[in-house]
Amino acid sequence: MKKKTVCFTLIELLVVIAIIAILAAMLLPALAKARAKSLAIACQSNQRQLSQTLALYRNDSDDWIMGYNAGSTSAGTSTSDAVKPYIMILLQAKYITGKNLSVPNYSGYYVQPFVTCPKVVTARNVPGRTLTQEGKVLTIWAYGLPSAFRNAAGTLTYGVDTFYKANKDKAIERASEYHQLMDSCNSNSTYTSTFPWFDYSYAAAPGNKHSPAGLHSAKVNTSFLDGHVEALSRQDLLARFKMDKYMADYL
């Protein structure tokens, strides 16, 4: 007895393909949203871990709070005591681990990736910049620390050391109100090239392009001195801290 062969017509195949395409179109946005949410959660976890590291430094340093660098100049991966960024201070004091790597254009110290947002670690669209190497991230691509604060009168105080020397006890007592780490970035004068950076400022001063960055659905993950983390919108930054610096998601 001859077996009957079952065949699909061209129209039936096209219908099946169309159904698959419709299902994919429905699922992809949901998957993208889930991935974005997971990155935001991972980012907040990183900030908590780095906040705990900064708290260890503070406990070992007579409650002095870490500034964004050791001097007045934001200079790359320098180990000079006058210019090293805060991640280099943590690395040299053995609060974190890292490695000196030779990379075209961006040789320097690469450290554990929890010091920055997972979106930075996975980024592939920052032209001309080496963000990661051997699973580590360059020190200057870390979360930003503030380069200025507002005093009680609302006036900007540049130089974190100056601010904290006058406000150290108050900051510790009201730790849940003092923001510390933020998703942050640097850019050129026309905002056409933007990349992560280890400090951020309050005011949109000419030449100062160091900004909080809304990497997670336009919100900036922000840790506070007590270790808790919040996702803040541009409006939150302005209302709570009078901070008018902000950069939309660039990754």
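This is a predicted model: local features need pLDDT of at least 70, side-chain atom pairs count only at pLDDT 80 or more; totals for chains, interfaces and linings use all residues.
Hi everyone, thanks for coming. Let's begin with the sheet made of β8, β13 and β14. These 3 strands form an open sheet in the order β8-β13-β14, with antiparallel pairing. Which strands stand at the edges? They are β8, residues 179–182, and β14, residues 229–232; each has a single partner strand, so one side of each is left without a neighbour in the sheet. From one strand to the next, the twist averages 35 degrees. If you want to find the pairing on screen, 2 bridges join β8 to β13, which covers residues 220–224, and Met 182 stands opposite Thr 222 in β13.

Now for the helices on that sheet. Helix α1, residues 10–59, packs on it and touches β8, β13 and β14, with its direction at about 130 degrees to that of β8. Helix α5, residues 234–241, also packs on the sheet, touching β8, β13 and β14; its direction makes about 110 degrees with that of β14.

Between β14 and α5 there is a loop, and Ser 233 sits in it. Is Ser 233 buried or exposed? It is buried, with a relative accessible area of 14%. Leaving aside neighbours within four places in sequence, Ser 233 is in contact with Ala 218 and Lys 219.

On to the other sheet. Here 4 strands form an open sheet in the order β10-β9-β12-β15, and the pairing is mixed. The edges belong to β10, at 194–196, and β15, at 247–248; each has a single partner strand, so one side of each lacks a neighbour in the sheet. Strand β9, residues 184–187, runs antiparallel to β10, and 3 bridges join them. One to look up is Ser 187, whose bridge partner in β10 is Thr 194.

Last, the aromatics. The structure holds 7 aromatic pairs. Take Tyr 57 and Tyr 95: their ring centres are 6.1 Å apart and their planes at 70 degrees, so the pair is edge-to-face. Tyr 57 lies in helix α1 and Tyr 95 in the loop between α2 and β1, so the pair ties together parts that are 38 residues apart in sequence. Tyr 57 counts as buried at 19% relative accessibility, while Tyr 95 is partly exposed at 24%.

Phe 195 and Trp 197 make another edge-to-face pair, 6.1 Å centre to centre with 75 degrees between the planes. Phe 195 is buried at 8%, and Trp 197 is buried at 9%. Both belong to a cluster linked by ring pairs, together with Tyr 68, Trp 141 and Phe 198.

Thanks, everyone!

Technical notes: Residues are numbered from 1 along each chain as its sequence is written. Side-chain values use heavy atoms; hydrogens and water are left out. Two strands pair if DSSP finds at least two bridges between them. Axes are lines fitted to C-alpha atoms, for helices over the stretch in contact, and angles run from 0 to 180 degrees between N-to-C directions. Contact means heavy atoms within 4.5 Å. Buried means under 20% relative accessible area, exposed over 50%, partly exposed in between (1.4 Å probe, protein chains only). Rings of Phe, Tyr and Trp (its six-membered ring) pair if their centres lie within 6.5 Å; planes under 30 degrees apart count as stacked, over 60 as edge-to-face and the rest as tilted.
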